[in-house]
Structures are given as structure tokens and as C-alpha cells.
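Biologist: I've got a model open and I'd like to learn how to read it feature by feature. Could you walk me through it?

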Amino acid sequence: MPVFLGTVGKRKKNKWRITNMKNVKVILISVALCATVFANARIEALGGDAGFWPGDRANVELYPGALNDGNWVEFGGVQGTPSGSINWGDDVKWGFNFDAAGNNDWMNMSWAKDGMGLSVAMLSSSTAGVDVSGFDVAWGQTMSFGELGVSYSTTDDGVNDAATDLTVNWRGDCDAWLFDKSKASLSMTDDGMGMTGTVLTYDLFTHVTPAEGVTALVAMGFAHASIDDNGTEVTQMWLPDALLAVEASMTDWATVRAFVAQTHVFSNDVDGADGDTGNQTDAGFGVGFGWTTANGSSVSLDMEVSNSLFTDPISTMTGYSAGTLANGEVTISYEF
């Protein structure tokens, strides 16, 4: 559900390993991460899945048709590994992306028109005698049955077999109980070193406004994943996989965000043996600041923060607390 396909930030890329229930989940999350992902601090502070927040720029990773929705310049990883993205145009949109995480991009650009979007990244680098080549292509369009996004990537380091990933994302309207939207994802990955995996997710979600300036997300779904690690087979199901996130305006220029995610591991099988089951819980916080420019455009600064900002705000902001203000991704963006 909110933690698998195309997510970044709270769920970082990790090496696959099979030891216990928690690490099995890390493995299966890592399977679904595509090659060119740009973090977004707003989304990270709201649970890590842009698919639950239509209209956010991070949706272009899952549904490239969203490239038609606006013009922007965005900088991520301001506090560490930098990334950048620009998208502009009227009837036709053009874009370029830059990501220092790995430094393998030779060219990374996008194009969009009439509800359709396409992005292509070419990889080419040589470091310490290791040559890396490959590509990452993604296509998406808004259709009568919803938004569709398809991506395929392959990376060859000249040592192992080529690593590949194929991901399909869908999002559309629905009418099920209190939910008015749904989305689904399917990802199939081969790491080129004898490990393959498949992740399937389906989610129902809705946004409610309990008060002026406050938006709450309620999401619930399931996920099924399987992995073969050089002969070791792991199968796991999460049901339910729930997410509650809130975004509230404190002033015209300041916003606070928070989320709590709870996953119930319903079944867990490792080479025919029963593994641990039960609940796993995650949480996060964030703040955002936004201003309108003289020409009507907007500038925003978003960041993930530690909970010490709320429990001890003065010490955290002045630097006297052991906690840090920015606890993760920091994003600066300009929309025009």
C-alpha cells in the first residue's frame, strides 16, 4: 500500500537481506524502487507515497501524465545528496532532471502533451574501473478509466547480469464505503545477482476536511510480495495496511504535517516455514513554508523534522537541543 511502489524518503534503498519479519519487509520494499527517484519532503512527511496526494509534483514518478499539470523548478536533498528538476511549457512541456545519488545519469529528460507524459534517462559512467550503462523509461497518460503509469529500467555494471525493474501504477475514482479513490501497483524486479521479486498492492483512500485549512488522508489496503533470493523463497502479505496523514495550515505561510502508518503482517512464509506476524508502525513529521511572489508564482520550503520540534521547539530551533530540526529530506521549489 503506501510503502511500496515509487516511494522514497522514509523507505530508503536498502540491501536485500532475509533475517526476520522487519527485514523481509525492507527487502520487498527495496524490490519496487525504480532507478531514478527524486525525493519530496512534503510527501515524506505525509507517509512517503505521492499516489495518495494527486496534484503534488512527486506524482510524475508514478504517473508521468502528471507532467502536464504545472511548471516548476525544484531542488531536493538540499541538506545532503542534491537533486534538481525543471518542467516548463504551455501546450507542450519539457523537463530535465538531475540526481547526484549514484551520479550515473548521462541524460535525464521528460516531455508531455495532451495528458500524456514520457521521461527517459540514459545511464553512462565509469568509476574505479566499473562501467555502468543502462536506461530508465517511463510513460503515462490520463484515460477514461483513470491514470496509468508504466516504467522500465535496466542497469548493467559489467560484473553482474543486468538489473531490471518493470512497474505499472494505476489510480482512479471509486465508491467503496467511505473511500472515493483507489490505486494499484505491480512491480517485477531482478537485481542481476540471483534475486527476483514481485510486489502487488491495492489501496482505497479518501481525503477529509475536518476544519478549515486542515486536510486528513485515510487509506487502507493490502500488499502481497514474493521474492526468490538465490533459491530462498519468501512470501508475505500485509492486510490491512493503513495510513493516516494530516496537513494543517498554521498561518498563510506555514504548514505542519504528520503521519502514522500501521501494517499488519497477515502471513509470512520463508522457505516453507512460518515467520513472524503482527503489527509494524511508522510515523513522521514535517513543516512547510510558502510565499507568493510579485508575479503570482509561489516559492515553498518543505522539510521533514524530528518530533523534538514539537516537544521542545525553542531548544530545537536555537540548536541547544540534541535533536536536529531537519530530520530527513529538505525540498525547495518554485512554481510558475
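Biologist: What does the chain average in pLDDT, and what share of the residues score at least 70?

Modeller: The average is 85, and 81% of the residues reach at least 70.

Biologist: Where does pLDDT stay under 50?

Modeller: Residues 1-22 are one such stretch, and the model still gives them 96 contacts beyond four places in sequence. Residues 28-37 also fall below 50, with 46 contacts beyond near neighbours in sequence. Where pLDDT is low, the predicted coordinates should not be read in detail.

Biologist: OK, I'll be careful there. How many helices and strands are in the chain?

Modeller: You'll find 4 helices and 17 strands. The chain has 336 residues, and 47% of them count as buried. As for sequence separation, take the contacts between residues at least 6 apart: 49% of those join residues at least 24 apart.

Biologist: Let's do salt bridges. How many does the structure hold?

Modeller: There are 10. The general idea is to look for a side-chain nitrogen of Lys or Arg within 4 Å of a carboxyl oxygen of Asp or Glu. Take D56 and R42, whose closest N and O atoms are 2.8 Å apart. D56 sits in the loop between α2 (41-44) and β1 (72-76) while R42 belongs to helix α2, so the pair ties together parts 14 residues apart in sequence.

Biologist: Is D56 buried or exposed?

Modeller: D56 is buried, at 8% relative accessible area. R42 counts as buried as well, at 17%.

Biologist: Now the nonpolar side. What should I look for?

Modeller: In soluble globular proteins, nonpolar side chains tend to be buried together. Here the largest nonpolar core has 15 residues, and F52, W53, L217, A219, L243 and A245 touch the most other members. The elements giving two or more residues to this core are β11 (214-229), β12 and β13.

Biologist: Which residues make the nonpolar surface patch?

Modeller: The patch, of about 830 Å², is made by W106, M107, M122, F135, Y152, L166, V168, L186, M188 and L200. At least two of its residues come from each of β4 (105-113), β8 (163-176) and β9 (179-190). M107, for instance, is in strand β4 and counts as partly exposed, with 34% relative accessibility.

Biologist: Last topic: backbone geometry. Which residues are joined by a cis peptide bond?

Modeller: L239 and P240, with omega at about -5 degrees. P240 is in strand β12.

Biologist: What is the phi of A128?

Modeller: A128 has a positive phi of about 50 degrees, although it is not a glycine. A128 lies in the loop between β5 (116-127) and β6 (130-143), and it counts as exposed at 80% relative accessibility. Another residue to check is D271, also not a glycine, with a positive phi near 50 degrees. D271 is in the loop between β13 and β14 (273-274) and is partly exposed, with a relative accessible area of 48%.

Methods
Residues are numbered from 1 along each chain as its sequence is written. Side-chain values use heavy atoms; hydrogens and water are left out. Buried means under 20% relative accessible area, exposed over 50%, partly exposed in between (1.4 Å probe, protein chains only). A nonpolar core is a set of buried Ala, Val, Leu, Ile, Met, Phe, Trp, Tyr and Cys residues joined through side-chain atoms within 4.5 Å. pLDDT is the predictor's confidence in each residue, from 0 to 100. Contact means heavy atoms within 4.5 Å. Patches are made of residues with over 30% relative accessible area and no salt bridge: like charges are joined within 9 Å, nonpolar side chains (Val, Leu, Ile, Met, Phe, Trp, Tyr) within 5 Å. Accessible areas come from the Shrake-Rupley method with a 1.4 Å probe; for residues, only the protein chains shown count as cover.
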